[in-house]
Amino acid sequence: MGERFDVVIVGARCAGSPLAVLLARAGLKVALVEQARFPRETLSSHLMEADALTFLMRLGVGDPVRATGVRFLTRADVRLEGFEVLAPFPLRFDDPGGAAFLRRNLLDGILADAAADAGADLRMNTKVVDVLWDRGRVSGVRVRHGGVEADLRAPLLVGADGRRSTVAYMCASRKYNVEPGRRSYYFTFFEGADPEYSDRFVFHRWGDRMVWGGPADGGLYLLGVSPEGHEREYFRTETERGLLAHLRGCEPTARALAGARVATRIVGIRNFDGYFRQASGPGWVLAGDAGHFKDPALGRGIGDAFLQVEALAPAIARGLGGTSADLDTALRRWGRWRDAHFEGHYWLAANLGCAGAIPPMIPQTLRRLQDAGELDRFFDLFSRRADYGDVFPLRDLGTATLRLLASPRTRRAPLVRQAASLLLRESGRRWRRRNPALGASDLTPAPAYRMRAGAERAESVSGPPMTAVAGPSDEG
């Protein structure tokens with residue numbers, strides 16, 4: 001019959017381990033299964049905003065997080081087309097900072113250790129080979145470790161195993177509101193950055209370019225870039241050369257990294273989709289990227305995983321206290337909350353990750369916020385303390401368009417086309433929230449499945465580990 005638990009969680013990274021901590025502390029018997037052995041690198045922006053940092057403090061891992069030497073950033077250097085600002089993050093009394101970059105090979109280990117310390121049965125280097133079913137309900141998983149297979153039984157299986165979730169596929173969870181990624185992204189860390197920039201988070205988006213970065217743990221500095229459309233093939237073969245050219249074209253990163261060197265390999269992501277997946281079914285639920293993934297431009301993957309599991313843990317505890325029907329109802333209710341809570345930022349990320357320049361009415365709206373002394377509302381978007389629809393309501397985007405049309409310097413025909421496209425797109429997105437568009441490729445009935453081929457691809461690009469970086473340039 002196998003070992004029995006209250007919950008089996010597959011995936012021990014930023015969704016699975018914190019959920020295991022919360023459930024184990026609530027008195028549940030939890031098995032936490034992870035295919036890798038930590039420390040292990042994973043594709044990530046490594047970015048956490050203020051809400052994620054306060055969650056780590058509530059989880060009780062503040063000391064090991066600080067021991068990494070992570071920098072808690074207090075200022076934001078933002079450029080969106082012609083709008084530029086350097087301002088302090090709006091912080092609450094318990095915020096250690098407005099943002100931080102912490103390498104995932106360190107963060108994931110801290111979270112997995114916390115799960116084990118809380119009493120979860122942590123099983124590293126263990127692969128899920130099958131999902132177990134009993135009268136139409138998931139009843140556990142079959143796992144393999146060191147060539148030996150075992151059954152782990154539980155009334156609830158949690159898939160926290162990322163974009164290519166085995167649990168999601170084996171349970172035939174359907175994708176909906178799929179948004180194809182328009183860009184590619186590359187990340188690496190530098191050593192030897194100028195300490196003058198040690199408190200600054202950088203996000204610059206102009207034309208078809210995007211550069212972001214800031215000090216990380218261990219004296220390192222993270223840099224991320226997104227090449228222009230015509231450069232995507234060039235970046236495949238000249239990744240480091242292209243990345244260095246982009247950082248020199250962004251003044252704050254050019255100055256911060258004028259005497260720095262590349263310290264780690266460059267990793268990149270391309271050919272991805274944003275999506276929501278069906279959140280739950282009989283005896284299973286998805287958390288983190290397994291259930292919802294957005295364009296990386298917003299850097300909300302880690303923080304949103306934390307938000308999801310902090311709301312999911314009490315729903316699971318309540319549901320397991322009743323019947324199977326009670327559990328299913330609690331998980332469906334949580335799934336509706338997830339969709340409503342994350343929908344706005346999903347489309348915000350898609351806007352930031354669009355091909356080409358962002359629509360000019362967005363920076364125009366930011367200027368109006370700045371003039372009204374309300375720019376903190378925009379910064380609160382990054383920590384999910386403001387809603388996209390409240391900061392960028394359709395009426396304000398329309399007002400910004402009219403102001404631009406009234407300017408004698410505006411090229412009216414392109415602006416009208418951009419405004420019409422933006423307003424139609426935003427209206428359509430609000431309609432899709434009420435009428436989700438299901439992905440036809442995800443309708444395979446469970447448990448008759450086979451592993452997918454040609455999944456969206458994340459790649460690692462290795463380059464010389466120590467490459468000199470030139471100083472600032474005038475490149476736009």
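The following legends describe close-up views of a predicted protein model. Residues are numbered from 1 along each chain as its sequence is written, and side-chain values use heavy atoms, with hydrogens and water left out. Because the model is predicted, local features need pLDDT of at least 70 and side-chain atom pairs count only at pLDDT 80 or more, while totals for chains, interfaces and linings use all residues.

**Figure 1. Overview of the protein fold.** The secondary structure comprises 15 helices and 24 strands; helices (H or I, at least four residues) and strands (E, at least two) are DSSP runs, numbered from the N terminus. Of the 476 residues, 55% are buried, where buried means under 20% relative accessible area, exposed over 50%, and partly exposed in between (1.4 Å probe, protein chains only). Among the contacts (heavy atoms within 4.5 Å) with a separation of 6 or more, 76% involve residues 24 or more positions apart. The accessible surface is about 19,400 Å², and carbon and sulfur atoms contribute 50% of this area. These areas come from the Shrake-Rupley method with a 1.4 Å probe; for residues, only the protein chains shown count as cover.

**Figure 2. Helix H7 and its surroundings.** Helix H7 spans residues 239–248 and is largely enclosed by the rest of the structure, because 7 of its 10 residues are buried. The buried residues are Thr-239, Glu-240, Gly-242, Leu-243, Leu-244, His-246 and Leu-247.

Figure 3. The whole structure holds 27 salt bridges, each defined as a side-chain nitrogen of Lys or Arg within 4 Å of a carboxyl oxygen of Asp or Glu. Glu-41 pairs with Arg-265, with the closest N and O atoms 3.0 Å apart. Glu-41 belongs to the loop between strands S3 (30–33) and S4 (47–49), and Arg-265 to the loop between strands S18 (261–262) and S19 (266–269), 224 residues apart. Arg-265 is partly exposed, at 35% relative accessible area. A salt bridge also joins Glu-310 and Arg-58, at 2.8 Å from N to O. Glu-310 lies in helix H9 (residues 301–320) and Arg-58 in helix H2 (residues 50–59), so this pair ties together parts 252 residues apart in sequence. Glu-310 is partly exposed, with a relative accessible area of 30%, and Arg-58 is also partly exposed, at 49%.

Figure 4. Arg-236 and Glu-233 form a salt bridge whose closest N and O atoms are 3.5 Å apart. The two residues are 3 residues apart in helix H6 (residues 232–237), a separation of about one helical turn. Arg-236 is partly exposed at 39% relative accessible area, whereas Glu-233 is exposed at 56%.

**Figure 5. A salt-bridge network that includes Glu-49.** Salt bridges with shared partners join Glu-49, Asp-51, Lys-294, Arg-300, Asp-304 and Arg-384 into one network. Glu-49 is part of strand S4 and is buried, at 2% relative accessibility. Beyond residues up to four places away in sequence, Glu-49 touches Gly-98, Ala-99, Leu-298, Gly-299, Arg-300, Phe-382 and Ser-383.

**Figure 6. Backbone geometry in two loops.** In the loop between S3 and S4 lies Pro-39, and the peptide bond from Phe-38 to Pro-39 is cis, with omega near 0°. His-46 is found in the loop between S3 and S4 and has a positive phi near 65°; His-46 is buried at 8% relative accessibility. Ala-172, in the loop between helix H5 (166–170) and strand S13 (175–180), has a positive phi of about 60° although it is not a glycine. Ala-172 is buried, with 16% relative accessibility.
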